[in-house]
Amino acid sequence: MRKLAPLVLVAVLSACARPSDGPTAGGFYNATAPQSNERIPVVRLSEAPMGQVAATPLAYAATDPGLSAMRSSGFADTRLRRGDVIEVTILDTGEEGLFSSTQSKTLNLGRFTVDSTGNVTLPFVGKQRVVDSSTEALQTRIVTGLKGSAVNPQAVVTVVDRPSSGITVNGDVRSAGRFPLTARKERVLDAVALAGGASSAPGSATVTLMRGKQRATVPLQRVIDDNKQNVYLLPDDQIYIDKDAPTFTAFGAFKSVGEFEFEPGRLTLAQALGRAGGLLDDRADARNFYVLRNQPVYTQVAAANAKTPVPAVVSTKPVIYRVDLKDVSNLALMQRFQMMDGDIIYASNASLVDFAKLFNVYQKSVPTAAAPIPGSSGN
């Protein structure tokens, strides 16, 4: 009878509590929403929504103007400003004069910077006030100053740098920095390209455009898809590219647990299980593998200036999807089930695993008192 006593004690205590890494399979069927106390439904994977629509809800409201609220005609000011760097080249088609002693009919005078007073000093023509002047006007003045030194002079003035007309690109790009605006009228995507492109995929990045007190943020993919979002840039605009990759989290009896990034719409449940390294053979209960999700609830909202309504997420509802990996049909469904941002996958322990943990706890010997020191009295 004494030999059975420890086993009886283990059985009694196991009914009260047992060591485990997380909720048991049965615990999911009793789960309730924190605020409403409504029972969270546990749905078989065969009854779960499949396909791209359920996996990638709109990341912005249908009526959100995004960057289009900051549209402009672009930078078209060709006047010279303080700090601009110009390059001057002189041509002469005459047989005598400035180039008579050389074989070439062109002379590159070099690069010159408009100083803080708005002036620039050029060889042969001296000091010229150029601030607020066009390159064409400066060319005319250079030609006038060369009369007498050249027979039929011509001048070409090119602006090679406009520090006062630059934009700044920072964030999750390969080469952040300040870049000049040109007469080509650069747009948002041009600025991203100048910075070497975004480091993350377009579906995992956002673009923030700051112009004075104005600020707007949209997904980079939206800028690519919608030409209205690819607005023209103005001097001193600041662009920040932020990484906004969706993630899912793996808990429980997986070979690798933690948070994993993915590109939206391009990760199935089967791939997510692979990211987590698969189930632990000696621990996991293959019949009770779960996906915990805040399922979007859609409604039809008419978009601004749109003839047809578009879906918009208005609320979420918690739901638990149960996967039985012993059922081969579920393996096929996992290849169609798309992961969503914030999903949790959980692999529960097999019941015998938790029981073995408990048995090991009570199998340990009870510590005994230390033996008395030799020679010491027993009192």
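**Strand pairing and a buried aspartate**

User: In this predicted model, which residue of S11 stands opposite Leu 209?

Analyst: Ile 239 is the residue of S11 facing Leu 209.

User: What makes strand S9 and strand S11 a pair?

Analyst: Pairing requires at least two bridges. Strand S9 (residues 205-211) and strand S11 (residues 238-243) are joined by 6 bridges in the antiparallel sense, so they count as a pair.

User: Why are S8 and S10 described as standing at the edges?

Analyst: The open sheet has 5 strands in the order S8-S7-S11-S9-S10, and its pairing is mixed. Strand S8 (177-180) and strand S10 (214-219) each have a single partner strand, so one side of each lacks a neighbour in the sheet. On average, neighbouring strands here are turned by 20° against each other, direction ignored.

User: What joins S4 to S5?

Analyst: Strand S4 (residues 119-122) and strand S5 (residues 126-129) run antiparallel and share 4 bridges; in one of them, Leu 122 is partnered by Gly 126. The two strands form a hairpin with 3 residues between them, and Phe 124 in the turn has a positive phi of about 75°.

User: How do you know that Asp 172 has no salt bridge?

Analyst: Asp 172 lies in the loop between strand S7 (166-171) and S8. Its nearest side chain of opposite charge, Lys 243, is 5.7 Å away.

User: What makes the link between Asp 172 and Ser 200 a polar contact?

Analyst: Their side chains are joined at 2.9 Å, and the cut-off is 3.5 Å, so the distance meets it.

Definitions and conventions: Residues numbered from 1 in each chain as written. Predicted model: local features only at pLDDT ≥ 70, side-chain atom pairs only at ≥ 80, totals over all residues. Heavy atoms only, no water. Axes fitted to C-alpha atoms, helices over the stretch in contact; angles between N-to-C directions. Buried < 20%, exposed > 50% of the residue type's maximum accessible area, 1.4 Å probe, protein only. Lys, Arg positive; Asp, Glu negative; His and termini not counted. Salt bridge = Lys/Arg side-chain N within 4 Å of Asp/Glu carboxyl O. Polar contact = N/O pair within 3.5 Å; in protein donor to acceptor, adjacent residues only side chain to side chain.
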